[in-house]
Amino acid sequence: MKEEMEKEAKTILIVDDEPSIRDIIIYNLKKEGYKIIEAGDGITAVEMALEQRPDLILLDIMLPRLDGLSVCKRIKNYYNVPILMLTAKDAEIDKILGLELGADDYITKPFSVRELVARVKANLRKVEVVSNHQVRETAKEDRKKENKIVVGNLELDLDKFETKVRGEIIDLTLREFEVLKFLASQPEQVVTRETLLEKVWGYEYYGDIRTVDVTVRRIREKIEKDTSMPKILITKRGVGYYIAAK
């Protein structure tokens, strides 16, 4: 009962210019107990997002008046909400998940309803976990010990969600921070893409490992001096990634 009440409190904004697609998504997410609002064009989507502050946004890329990528960027400039892009199969995933946009995830059309619902739940669950963590940590005003992970030149402040490399603060998205945190908590331990997808994104059966590769590449662009010869976030070819302990 408690879980159902929590889900009912979550509002999802669905943005797609095809009413038939919106209807399918709305029908299935309402069955899961979510409150739904909808928009058929980019301008309306931005206005609704900023006025009603939904908990998650499902956003198509191809939209009238203002395209989905621009919508994503505008919304993220004002508040941090999970945004799942609905894309065509040949979409450029780098752009969708790019730092300049801030999209959290993507799902390609045509998609299965089961996969869509799983992605929505996973992203909302991740936000809930982070939110609860922040509330707990805020209450601990007199902590004696700093909650940090330090590996070589990499320093993660788990209370502030702050990343430093060689003493310089690096601006990472929440997802990027979580990836580094998971890897840095076990330095020199190679972690597979599938494990990262499950542990960081929350996908047990769904998800594209390209999501992991793109996110890792974006992290490197921020923390490495030379992305062609990374010294911190290392690839173990054919296996996965690890943080160098030096």
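Me: What makes two strands a pair in this predicted model?
Reply: Two strands pair if DSSP finds at least two bridges between them. Strand 7 (residues 154–157) and strand 8 (residues 162–165) are joined by four bridges, so they count as paired. The two run antiparallel, and leucine 156 stands opposite threonine 163 in strand 8.

Me: Which strands form the open sheet, and in what order?
Reply: Four strands form it, in the order 6-7-8-9, with antiparallel pairing.

Me: Why do strand 6 and strand 9 stand at the edges?
Reply: Strand 6 (148–151) and strand 9 (168–170) each have a single partner strand, so one side of each has no neighbour in the sheet. On average, neighbouring strands here are turned by 25° against each other, direction ignored.

Me: What packs on the sheet?
Reply: That's helix 7, which touches strand 6, strand 7 and strand 8. Its direction makes about 115° with that of strand 7.

Me: Which residues of helix 7 and helix 8 meet?
Reply: From helix 7 come Arg175, Glu178, Val179, Phe182 and Leu183; they meet Thr195, Leu196, Lys199, Val200 and Trp201 in helix 8. By class, this contact has six nonpolar, one polar and three charged residues.

Conventions:
Residues numbered from 1 in each chain as written. Predicted model: local features only at pLDDT ≥ 70, side-chain atom pairs only at ≥ 80, totals over all residues. Heavy atoms only, no water. Contact = heavy atoms within 4.5 Å. Nonpolar A, V, L, I, M, F, W, Y, C, P; charged D, E, K, R; others polar. Axes fitted to C-alpha atoms, helices over the stretch in contact; angles between N-to-C directions.
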